[in-house]
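Subject: The structure I promised you

Hi,

Here is the structure for you to look at. Open it alongside this email, and then read on for what turned up.

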Amino acid sequence: MSADDAEVQGRFERSDAKADFIAVPRDDDNIHVADHWELDHNVPIDAAATEDDDPIPTGQRRDGDGLTLYEDYRGFIAHTSASTDALKWIQTDPMKKDLFVYDENGLYERYVMKQASNPPGFETHTSTRRRCASKASTR
Ligand SMILES: [Ca+2]
Ligand SMILES: [Ca+2]
Ligand SMILES: [Ca+2]
């Protein structure tokens with residue numbers, strides 16, 4: 001798929017819109033995940049929106065992190081670091097296990113990420129706030 005094929009043109013049903021057309025991501029398999037994003041993240045061609053088979057890190061009892069392919073694509077609003085109030089929209093990786101950690105006292109950061117001889121290998125999103133992430137809007 002080339003970048004030119006990554007979008008298709010949609011048309012508003014209402015005629016009072018400022019523009020009649022809008023570019024929307026191509027989704028030939030109709031799972032509400034852009035085909036171009038699926039290719040960029042090495043998602044198997046027959047994957048369902050509910051797929052949860054993140055293989056990295058390997059050697060665990062099961063693959064997956066509890067987030068579906070659709071949730072990875074839709075993304076989350078999360079703190080950019082444990083020490084700031086800044087919020088940012090992030091997409092998670094469907095091939096790597098993601099972990100959102102409420103780390104009020106910095107214990108996870110201090111004892112797991114910096115001191116452990118074998119860090120867990122998850123993609124960790126830490127926050128000192130109780131609500132460290134929320135789902136992004138699907139509008
Ligand atoms: Ca798709
Ligand atoms: Ca997942
Ligand atoms: Ca993931």
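Let's begin with Tyr-102, which sits in strand 5 (residues 98-102). Helices and strands here are DSSP runs, numbered from the N terminus: a helix is H or I over at least four residues, and a strand is E over at least two.

A bit of housekeeping: this is a predicted model, where local features need pLDDT of at least 70, side-chain atom pairs count only at pLDDT 80 or more, and totals for chains, interfaces and linings use all residues. Residues are numbered from 1 along each chain as its sequence is written, while chains are lettered from A and ligands numbered from 1 in the order in which they are written.

The cut-offs are 20 or more other C-beta atoms within 10 Å for buried, 12 or fewer for exposed, and partly exposed in between, with C-beta atoms placed from the backbone. Thr-128 is 26 residues away from Tyr-102 along the chain, yet their C-alpha atoms are separated by 5.7 Å.

Now the overall picture. The protein has three helices and seven strands, and along the sequence they run β-β-α-α-β-β-β-α-β-β. Of its 139 residues, 14% are buried.

(Pairing needs at least two DSSP bridges between the strands.) One bridge to look for joins Val-8 to Val-24 in strand 2. Strand 2 (residues 21-25) lies largely in the open, because zero of its five residues are buried.

Next, find Leu-67 in the loop between helix 1 (35-40) and helix 2 (69-74). Leu-67 has 19 C-beta neighbours inside 10 Å, so it counts as partly exposed. Leaving out residues up to four places away in sequence, Leu-67 touches Asp-52, Asp-72, Thr-92 and Asp-98; a contact means C-beta atoms, placed from the backbone, within 7 Å. Across the protein, 48% of the contacts between residues at least 6 apart in sequence join residues at least 24 apart.

Finally, how far can you trust it? The mean pLDDT (the predictor's confidence in each residue, from 0 to 100) is 84, and 81% of the residues score at least 70. Confidence is highest in helix 2, at a mean of 97, and lowest in strand 7 (residues 133-135), at 65.

Cheers

Note on methods:
Contact = placed C-beta atoms within 7 Å.
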